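Please open the structure in your viewer and keep the selection panel at hand.

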Amino acid sequence: MRLRDVLYQTNHDLGNFLEAEVLLKSCLGLERRDIYLNPDRPLTRYELNLLEEAIEKRKKRLPLAYITGAKEFYSLEFRVTPDTFIPRPETEFIVDAVLNIVYGKRSKAGQVRRTAQRLINVVDLGTGCGNIAITLARYIPFSRIYATEISKKALEVAKENAQRHRVIDRITFLEGDLFSPLEDRRLEGKIDFLVSNPPYLIRSQINSLMPEVANYEPGIALDGGGDGLSFYRRIIEGAVEYLKSRGYLILEMGIGQAPKVKEMIEKTKEFLSIEIIKDYSGIERVITSLK
Ligand SMILES: C[S@@+](CC[C@H](N)C(=O)[O-])C[C@H]1O[C@@H](n2cnc3c(N)ncnc32)[C@H](O)[C@@H]1O
């Protein structure tokens, strides 16, 4: 079989042309343009077997990113495994929020205003494959990042990603429960940005999600407790302790959670100028608050 026939067949099997392209590229180690420049290239038996295996996995609803082992986030490629949550586009709003504050919003003239380049301390709680921490380290060269994660295996993937993106020297990866690995580091009152995309799904609703999520993504990355809000309570409490005065707490939230999270933040009486950012679908997705 030739590339063009295989692409046609894979599209037919999966009912999704984009996914067919991605699988073909990944199994054959090709760039997208190679498929169209050499449509008559024959496939070896070995290549066909690899592709068939991948198609079978996808038909069983294994997420595409776990099959290819890669996911793009903020235009950077991250390795992902079934031990890591798959980065979502809406989480890019956390990165945008931090960069907008650090560099100032784009002026009308389209220039980026830079603040004085003092060292910026960032904490990322529940770093997963490291996507938020690594992207911030890449875009803020004068940053020092502490990334905590409860899953040892996810943390290994995050370290690998940090090495690949050459920011491992500025990120301290710490295994453990939320803030506990930060204790004894004397960071209380010294953090400029505390960011997190915590598990925020309501436990009883996880099984009814699409099979890609419910059956394959790590439960500890999804489960936000009985009301989906258990992590926010702990994170907001810790933020009061770890953020410096005029430091920012920036959190991703699930659908409909914004008013409750906002109320929790307001109750502390420690934060001002709370802002809610909507995602591409108009969902209130990220909350930023200044201590
Ligand atoms: C929704 S995922 C987010 C991953 C990544 N930061 C992102 O935005 O794509 C939540 C992450 O929190 C981690 N996690 C869950 N409970 C935790 C805890 N108690 N302490 C630290 N990390 C935790 C999970 O393993 C998972 O990697």
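This is a predicted model: local features need pLDDT of at least 70, side-chain atom pairs count only at pLDDT 80 or more; totals for chains, interfaces and linings use all residues.

Residues are numbered from 1 along each chain as its sequence is written, and side-chain values use heavy atoms, with hydrogens and water left out.

**Domains.** Select residues 3–60, which form domain 1, and then 81–290, which form domain 2. These bounds come from an automatic or database domain assignment. The centres of the two domains, taken over C-alpha atoms, are 36 Å apart.

Display the strands in the order 5-4-3-6-7-9-8: they make up an open sheet of 7 strands with mixed pairing. Strands (E, at least two residues) and helices (H or I, at least four) are DSSP runs numbered from the N terminus, and two strands pair if DSSP finds at least two bridges between them. At the edges are strand 5 (171–175) and strand 8, each of which pairs on one side only.

Next, select residues 191–196 (strand 6) and 243–252 (strand 7), which run parallel and are joined by 5 bridges. Within this pair, Leu194 stands opposite Leu249 of strand 7.

**The hairpin.** Move to strand 8 (272–278) and strand 9 (284–290), an antiparallel pair with 5 bridges. Lys278 faces Glu284 of strand 9. The two strands form a hairpin with 5 residues between them, and Gly282 in the turn has a positive phi of about 80°.

**The ligand.** Which residues come nearest to the ligand? Of the 19 around it, they are Gly126, Glu149, Asp177, Leu178 and Asn197; a residue counts as near if one of its heavy atoms lies within 4 Å.

Now inspect the polar contacts (pairs of N or O atoms within 3.5 Å). A polar backbone atom of Gly126 is 2.9 Å from a ligand nitrogen. For Asp177, an N or O atom of the side chain lies 2.7 Å from a nitrogen atom of the ligand. At Leu178, a backbone N or O atom is 2.8 Å from a ligand nitrogen.

Taken alone, the ligand exposes 590 Å², of which the protein buries 96%; accessible areas come from the Shrake-Rupley method with a 1.4 Å probe. Finally, select helix 7 (131–139) and helix 10 (219–222), the elements that give two or more residues to the shell around the ligand.

Technical notes. A polar contact is a pair of N or O atoms within 3.5 Å; within protein, one must be able to donate a hydrogen and the other to accept it, and residues adjacent in sequence count only if both atoms are side-chain atoms.
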